[in-house]
Amino acid sequence: MEEMKIDLKKLVKRVGETGEFITCDESRCDGCGRCADACSMGLWAVSGGKARLSPRYTELCLECAACWEICEREAVDFHYPRGGTGVVIEYG
Amino acid sequence: MEEYDVVVVGAGPGGSMAAFTAAGLGLETVFLERGRKPGDKNSSGCGLGQRWWRDFPEIMGELPGLPSYRKVEMVVINLVDEDNRLRMRSGTTGSDLDATRWPHGMEGASVYRSCLDPFLAKRATDEGAELRTATLASDVIMDDGRVAGIVTDAGERIGAKVVIAADGAMSTMARASGMRNRWGAGCTLVPQLDFGCDEGKLDDVIGNAEWCWFGPFYGAYQVNFREGFHLGAGQWLRRDWDTRPVDMLKRVMAIPAFQAMTRAVDARPREYQAHLLPWMEKPAKSFSAGLMLVGDAAGFPCPLEGEGVWHACTSGRIAAETAAYAIRKGDFSERTLSEYERRWRASSLGLEHEFGREFVELWDNSAFDPEKMGRQIQLLLELSMLNPFSICFDWGDAHMECLNMHLSHFLDMLPEFGEFGGRYIKPFARGISPGNVRRMLCMMKPRLPALRRLSDERYLWLLARFSRSLRPYLEGREGE
């Protein structure tokens with residue numbers, strides 16, 4: 001049977017300019033990669049022993065904050081984007 | 001600087017219930033929503049269960065008027081084997097006994113947060129609270145060691161006698177005030193996919209039911225709305241996964257019976273969401289000077305089911321009542337606001353968490369642990385051959401032959417039950433504290449006609465005489 005093919009990126013709506021809202025402190029990051037496991041949009045990857053956040057994250061992030069919650073080194077800092085911008089959930 | 005009696009951060013169900021209650025008690029109240037409208041930022045399974053009829057009947061009575069409402073009267077469990085075959089579909093619904101316990105029997109409701117949240121916010125504004133949308137509270141104002149207001153991301157300062165933070169699992173107010181940073185343990189991530197579908201076909205195929213999918217490597221919920229449904233699955237963030245949370249959904253979507261259902265109701269994937277859900281043994285600290293946390297911000301969701309909307313509304317109401325009490329006293333100290341915790345602990349919200357550790361252990365030993373889940377599904381599928389809840393089991397051949405066949409299969413499996421019980425069931429009991437074993441036994445006492453007149457002490461003494469396995473719990477020593 002044909003598996004249902006879904007492009008998750010096409011199933012997210014957003015509005016406005018969020019500005020920056022996630023940062024990673026490289027001096028704390030030990031490159032464990034847990035942020036990459038948690039992110040369902042695949043926005044984190046480890047290279048050179050450090051977590052790297054996609055430069056396109058403001059267009060793709062779901063604002064779930066899992067990368068912040070899972071980081072035991074507290075290298076990831078997450079704040080919600082500016083009021084009235086970012087993800088819009090119509091069928092939550 | 002503007003000044004209010006109460007600033008509520010967040011216009012989800014907890015925030016709107018807090019604002020509604022505060023305004024109704026005559027307090028000058030503003031509540032803030034970071035989205036363009038309430039519900040813009042929120043996703044949850046969002047099934048509202050029977051206790052809503054007891055605690056918020058005026059809300060339940062209005063829900064059928066909301067566009068996404070679906071009545072829920074049944075839960076259907078789908079069990080799938082390791083080859084993705086559907087092996088058992090079993091539904092449970094209300095009985096006459098339930099009708100005596102709940103005013104509306106087992107009736108519940110499903111409604112999208114994009115409907116529910118604006119509806120609850122409007123109740124609060126109708127009651128006199130002021131709503132500001134597209135407003136993110138990004139910091140707190142501290143005054144002499146207490147929270148005395150908030151700062152918006154636009155730099156606006158709003159003063160308050162009491163701040164009620166209903167700002168979700170990643171509570172900005174809890175972080176900014178120094179109450180806590182990340183949860184560290186006990187927080188889950190819930191990816192959720194919404195499907196749109198044909199309303200009439202959903203009525204025919206699924207009706208007024210919630211569905212669950214359980215297989216060897218996952219447990220997922222399917223909450224059904226008027227013309228769509230959610231497929232979601234959670235996993236604790238403390239684990240080292242062999243399956244990423246989003247991949248658990250893909251496993252369900254690969255089940256042929258799931259795909260058949262989606263074809264039958266003309267389902268198409270419509271929206272993808274992910275959110276954090278605190279799934280805690282115990283809630284976090286819920287108050288400090290000038291600040292109370294409600295709903296997910298305090299870690300209140302149900303430790304058995306992860307349900308959180310009722311918990312948010314219940315704690316929001318208690319927080320607003322406590323704010324009114326503190327304002328009457330003119331004292332916003334931590335000591336005065338500790339009244340909040342005293343009150344929620346005494347409510348049914350507090351009772352919910354008395355067995356928090358045991359409920360969390362239950363999941364940790366089953367759906368959230370792939371190895372144990374695999375074994376349990378296998379055993380359930382073996383048992384389902386007996387169809388224990390049905391008289392419609394296999395009578396296809398000569399009846400006594402069939403019965404003997406089933407009986408001999410059952411007897412063959414007995415050693416396996418013993419082995420399974422020792423390895424997989426016993427550890428559940430090991431997680432239960434002696435104090436809660438005693439509490440559970442005392443809760444059973446009123447149902448036992450011969451024993452209900454005994455004092456608790458005498459009753460437990462008697463049980464300890466009769467049961468060797470209970471004795472260590474009842475005599476104050478750890479089990480095993």
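## Where the chains meet

A salt bridge here is a side-chain nitrogen of Lys or Arg within 4 Å of a carboxyl oxygen of Asp or Glu. By that rule, chain B and chain A share five salt bridges. One of them links K13(A) to E271(B), with the closest N and O atoms 2.9 Å apart. Before going further, note that this is a predicted model, where local features need pLDDT of at least 70 and side-chain atom pairs count only at pLDDT 80 or more, while totals for chains, interfaces and linings use all residues. Side-chain values use heavy atoms, with hydrogens and water left out, residues are numbered from 1 along each chain as its sequence is written, and chains are lettered from A in the order in which they are written.

As for the rest of the interface, 53 residues of chain B are in contact (heavy atoms within 4.5 Å) with 44 residues of chain A. Together the two chains bury about 4100 Å², 56% of it on carbon and sulfur atoms; that is accessible area (1.4 Å probe) lost on putting the two parts together, summed over both.

## Aromatic pairs

Over all chains, the structure holds 17 aromatic pairs. Rings of Phe, Tyr and Trp (its six-membered ring) pair if their centres lie within 6.5 Å; planes under 30 degrees apart count as stacked, over 60 as edge-to-face and the rest as tilted. In chain A, F78(A) and Y80(A) pair edge-to-face, at 5.8 Å centre to centre and 85 degrees between the planes. F78(A) counts as buried because its relative accessibility is 0%, and Y80(A) counts as buried at 15%. Buried means under 20% relative accessible area, exposed over 50%, and partly exposed in between (1.4 Å probe, protein chains only).

Over in chain B, F300(B) and W344(B) also form an edge-to-face pair, 4.8 Å centre to centre with 75 degrees between the planes. F300(B) lies in the loop between strand 19 (291–293) and helix 10 (309–329), and W344(B) in helix 11 (residues 334–346), so the pair ties together parts of chain B that are 44 residues apart in sequence. Helices (H or I, at least four residues) and strands (E, at least two) are DSSP runs, numbered from the N terminus. Both F300(B) and W344(B) are buried.

R123(B) lies over the face of F20(B), 4.0 Å from the ring centre. The charged end of R343(B) sits over the ring of Y325(B), 5.5 Å from its centre.

Methods. Lys NZ or Arg CZ within 6 Å of the ring centre and 35° of its normal.
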